[in-house]
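I opened my notebook to look up a few links and one annotated region. Here are my entries.

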Amino acid sequence: MESRRSFRLCSVVFLVIALMEISTATLSPAGINYEVVALVAIKTALRDPYNVLDNWDINSVDPCSWRMVTCSSDGYVSALGLPSQSLSGTLSPSIGNLTNLQSVLLQNNAISGPIPAAIGKLEKLHTLDLSNNTFSGEMPTSLGNLKNLNYLRLNNNSLTGPCPESLSKLNGLTLVDLSFNNLSGSLPKILARTFKVTGNPLICGPKASDNCSAVFPEPLSLPPNGQSDSGTNSHRVAIAFGASFGAAFSIIIVIGLLVWWRYRHNQQIFFDVNG
């Protein structure tokens, strides 16, 4: 009986210690949550006219109850969703300290300034949507560090300069939309099922020469897994079948007319002989 009580007591102590380790995993020696500090820095750099970030409090221990913040089951910030909130200002480089982020949705606001290179530290990120803002400057080459990225939407901003060659290293991309910016130069070979660059008049197409400042981009939207090829082949087969059917039908008509003419001709001869 005593051994059972000792075992239960040890189990409870172990559980408490484990919970304390989890709860302090993101705490500094001063007891401040690193994710809280990062989120408050993001809030400070933004202008929030409707106070949607009002409960983002530096004195809070746990940001998981904050508006527009989602946490994983182990208590880390995994998603930041602030679309269409009339936010302006800039995006703080402190976003790079939220290393467990998997999704960042900041589309349809008025956020300006450069895209912070620190975003390249978010190795778990699979969705980055900064579309329909006023981001400017060049796309950071650190985007090529986002090995788990699936969706990248930077369209409808004021980004300039070339598309980073580092994006060609990402193999899991489903969608890359860079349309309607001021990008220039040649395009790297980006392995995305859909890649959009329309609305960037200074981008070089794949058939352009080195001096391509006046070359308009060729369409680069790629359908999933050869859909275009299969559609083209089906179209060719349909045309070939139609042409063959038309030729065969024409031959049958000609033969029919010849048979009918001979029949009428023979009848005329028969009537002439009997007459």
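Which hand does the link of Cys64 and Cys71 have? I looked up the angle about the S-S bond and found -95°, so the link is left-handed. I noted that this is a predicted model.

**Entry: disulfide**

I searched the whole structure and found one disulfide. It joins Cys64 to Cys71, with 2.1 Å from S to S. That is within the 2.5 Å cut-off for a pair of cysteine sulfur atoms. Cys64 is partly exposed, at 25% relative accessibility. I also looked up Cys163. Cys163 is buried, with a relative accessible area of 5%.

**Entry: annotated region**

I read the UniProt record next. Its unreviewed entry places "domain: Leucine-rich repeat-containing N-terminal plant-type" on residues 33-72. Over residues 33-72, I found 30% helix and 12% strand. The end C-alpha atoms of this stretch are 16 Å apart.

**Entry: salt bridge**

I reminded myself that side chains of opposite charge can pair when their charged atoms come close. How many salt bridges did I count? The count came to one. The side chains of Arg153 and Asp177 meet there, at 3.9 Å from N to O. The pair links distant parts of the chain, 24 residues apart. Arg153 sits in strand 9, residues 151-153. Asp177 sits in strand 11, residues 175-177.

Are the two partners, Arg153 and Asp177, buried or exposed? Arg153 is partly exposed, with a relative accessible area of 30%. Asp177 has a relative accessible area of 5%. Buried means under 20%, so Asp177 counts as buried.

Methods: Residues are numbered from 1 along each chain as its sequence is written. This is a predicted model: local features need pLDDT of at least 70, side-chain atom pairs count only at pLDDT 80 or more; totals for chains, interfaces and linings use all residues. Side-chain values use heavy atoms; hydrogens and water are left out. UniProt positions are given in the numbering used here, feature names are shortened, and annotations may be inferred rather than shown by experiment. Helices (H or I, at least four residues) and strands (E, at least two) are DSSP runs, numbered from the N terminus. A salt bridge is a side-chain nitrogen of Lys or Arg within 4 Å of a carboxyl oxygen of Asp or Glu. Buried means under 20% relative accessible area, exposed over 50%, partly exposed in between (1.4 Å probe, protein chains only).
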